[in-house]
Amino acid sequence: MLELIKERRSIRSFKEEKLSEEAVKEILRAGLLAPTSKNKKPVEFVVVEDRETLSRLKFCKDKGSNGLDTAPCAIVVIGDAEKSDVWVEDASIATAFMQLQAESMGLGSVWIQMRKRRSCSDDSEKEVRKVLNIPDKYGVLDILALGYKNELKKPYEEDDADFSKVHFESYGRK
Ligand SMILES: Cc1cc2nc3c(=O)[nH]c(=O)nc-3n(C[C@H](O)[C@H](O)[C@H](O)COP(=O)(O)O)c2cc1C
C-alpha cells in the first residue's frame, strides 16, 4: 500500500487513448466502496467522456483545470447535502480511493477542486451543476481527471514524509 501511495502523483497531461468501460467501472467501484459517515452514502458520480462537455467543465473554473485539456475521462464527484452534513469528507475519501485505484491500474489522475472555487463569472459548483443538470441539493466537490499518463513524475521517497508534523502524546512532543 505504501508503495502505491508513493507512486501516486498528480498527472495533468494524458494520452489520447480512451479508458475501457471496465477500467472506469473499477475506479468507480473504489469510490462507491469508500467509507461514509453513519454509512449514509451521500456521494454520487457523473462520468464524462464527451470532449465538448469536458472542455465546458474546464471553464467552470478560472484556473487549475488544465488537467481537463487532455483527459479522456473525468469523474465529477458530488454529494447530497440533504443526506449528510459531512458529505465533503465522504466525497474526499471517495476521490482519494479512486486516485489510488487509478494508480494501481497504471493510470494517472488529478483532483480538480470545484467547491469554494470560481469561474471567471460565477461560483464553480453552480457552473458544473448547470453543465451537467445536477439538482441544487448536490454539492460539487471536485472533478477527477483520468487517463493514461503522458508525463513522468518522480514517486515520493520515504524521506518525503515529514515527521515534524507528528506529535506524540501531546502537541510539540517529538
Ligand atoms: C483538495 C485538493 C484540491 C486540489 N485542487 C487542484 C486543482 O484544482 N487543480 C489541480 O491541477 N490540482 C489540484 N490538486 C492537486 C494538488 O495540487 C497536488 O496534489 C499537490 O500539488 C501535490 O502533488 P502530488 O499530487 O503530485 O503529490 C488538488 C489536491 C487536493 C487534495
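# Briefing: cores, a covered helix and a pocket

Helix H5 is mostly covered, with seven of its nine residues buried. Buried means under 20% relative accessible area, exposed over 50%, and partly exposed in between (1.4 Å probe, protein chains only). Helices (H or I, at least four residues) and strands (E, at least two) are DSSP runs, numbered from the N terminus. This is a predicted model: local features need pLDDT of at least 70, side-chain atom pairs count only at pLDDT 80 or more, and totals for chains, interfaces and linings use all residues. Residues are numbered from 1 along each chain as its sequence is written, and side-chain values use heavy atoms, with hydrogens and water left out.

**Helix H5**

- The buried residues of H5 are Ser 124, Glu 125, Glu 127, Val 128, Arg 129, Val 131 and Leu 132.
- They pack against E1, H3, E2, helix H4 (87-104) and E4. Contact means heavy atoms within 4.5 Å.

**Nonpolar cores**

- A nonpolar core is a set of buried Ala, Val, Leu, Ile, Met, Phe, Trp, Tyr and Cys residues joined through side-chain atoms within 4.5 Å.
- The largest nonpolar core has 22 residues, and Leu 57, Leu 68, Val 76, Val 128, Leu 132 and Ile 143 touch the most other members.
- Two or more residues of this core come from each of helix H3 (51-58), strand E2 (73-80), strand E3 (107-113), helix H5 (124-132) and strand E4 (138-148).
- E4 gives the largest share, four residues.
- Another core, of 21 residues, lies apart from it; Cys 73, Leu 107, Leu 141 and Leu 144 are among its members.
- Not counting residues up to four places away in sequence, Val 76 touches Glu 44, Phe 45, Val 46, Val 48, Leu 57, Val 128, Leu 132, Val 140, Asp 142 and Ile 143.

- Ala 74 lies in strand E2. Ala 74 counts as buried because its relative accessibility is 0%.
- Leaving aside neighbours within four places in sequence, Ala 74 is in contact with Val 46, Val 47, Val 48, Leu 54, Leu 68, Ile 143, Leu 144 and Ala 145.
- Ala 74 and Phe 14 are 60 residues apart in sequence and 12 Å apart in space, C-alpha to C-alpha.
- Six of the seven residues of E3 are buried, so E3 is largely enclosed by the rest of the structure.
- E3 and E4 run antiparallel, joined by seven bridges. Two strands pair if DSSP finds at least two bridges between them.
- Ile 112 stands opposite Ile 143 in E4.

- Most residues other than glycine have a negative phi.
- Lys 38 is not a glycine, yet has a positive phi of about 55°. Lys 38 sits in the loop between helix H2 (21-32) and strand E1 (43-48). Lys 38 is exposed, with a relative accessible area of 71%.
- Glu 169 has a positive phi near 70°. Glu 169 is in the segment after E4. At 77% relative accessibility, Glu 169 counts as exposed.

**The largest pocket**

- The lining consists of Leu 2, Ile 5, Lys 6, Arg 8, Leu 100, Tyr 156, Glu 157, Glu 158, Asp 160 and Ala 161.
- A pocket, on a 1 Å grid over the protein atoms alone, is an open set of points where a 1.4 Å probe fits, with protein on both sides within 12 Å along at least five of seven lines; lining residues have an atom within 4 Å of a point.
- Helix H1 (residues 2-7) gives the largest share of the lining, three residues.
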